[in-house]
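Dear colleague,

Please find below the structure that I am handing over to you, together with its sequence.

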Amino acid sequence: MSGPPSGSRRAPMIWGQCGVEGDQVVVYLRGWRRVVATRGTIRFPLSSVVRIEHDPLARAHVRIGLHQWRKHGQGVWRIGTYHGLDGWSFWSVGLGRNAVLIECAGERLRYVVIEVADAEATVREIDVAAAKVTRLLPGAVDTNPPTRSQGPAKRSSRGRDAPSTGED
């Protein structure tokens, strides 16, 4: 029996590539996707990356508001910029088997979802680079909250929590 393999055995489509250039994450789209998305390249700082993971079910985890009205939520592919309940997101995915989900903070796009050739390698590359950049940032904050054995937490020097100087 010859012929094309079934959908699950067929190699995933490559919808673009995602990597690190300097201190930025760069997403390039391929072929007709560049035209449909109206953006061929997206750049954002590594320091804004909050989370990155290989997520074949990204469509279920990132809501895009009214575009998700169908019974099962999606069509065959999703390309372009969408505004939803969680903020702006950029998509370039087909079935999503090799989708990489990048969550950002402090940028217009909260999520970037792109289907790449090797999702695990892409996640590793960006995760390692983001960890290095975060470590090198001046004033980088330790994300581990203090425990009771470390003593009382410091009060903020801004707003109402600031201690009184007696010069009122």
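Predicted model: local features only at pLDDT ≥ 70, side-chain atom pairs only at ≥ 80, totals over all residues.

Strand β1 is joined by 6 bridges to strand β2, which covers residues 24-29, and the two run antiparallel.

Taken together, 3 strands make up an open sheet in the order β1-β2-β3, with antiparallel pairing. Its edge strands are β1, residues 16-21, and β3, residues 41-45, each of which pairs on one side only. On average, neighbouring strands of the sheet are turned by 15° against each other, direction ignored.

Which residues of β3 lie on its covered face, and which on its uncovered one? Ile42 and Phe44 form the covered face, whereas Thr41, Arg43 and Pro45 form the uncovered face.

**The protein as a whole**

The protein has 168 residues, of which 35% count as buried. Its secondary structure consists of 3 helices and 8 strands. Read from the N terminus, the elements follow the order β-β-α-β-β-α-β-β-β-β-α.

Among the contacts with a separation of 6 or more, 48% are between residues 24 or more positions apart. The accessible surface comes to about 11400 Å², and 53% of this surface belongs to carbon and sulfur atoms.

With kind regards

Notes:
Residues numbered from 1 in each chain as written. Heavy atoms only, no water. Pairing = 2+ DSSP bridges. Helix = DSSP H or I, 4+ residues; strand = E, 2+ residues; numbered from the N terminus. Axes fitted to C-alpha atoms, helices over the stretch in contact; angles between N-to-C directions. Buried < 20%, exposed > 50% of the residue type's maximum accessible area, 1.4 Å probe, protein only. Contact = heavy atoms within 4.5 Å. Areas by Shrake-Rupley, 256 points an atom, 1.4 Å probe, with all protein chains shown as cover.
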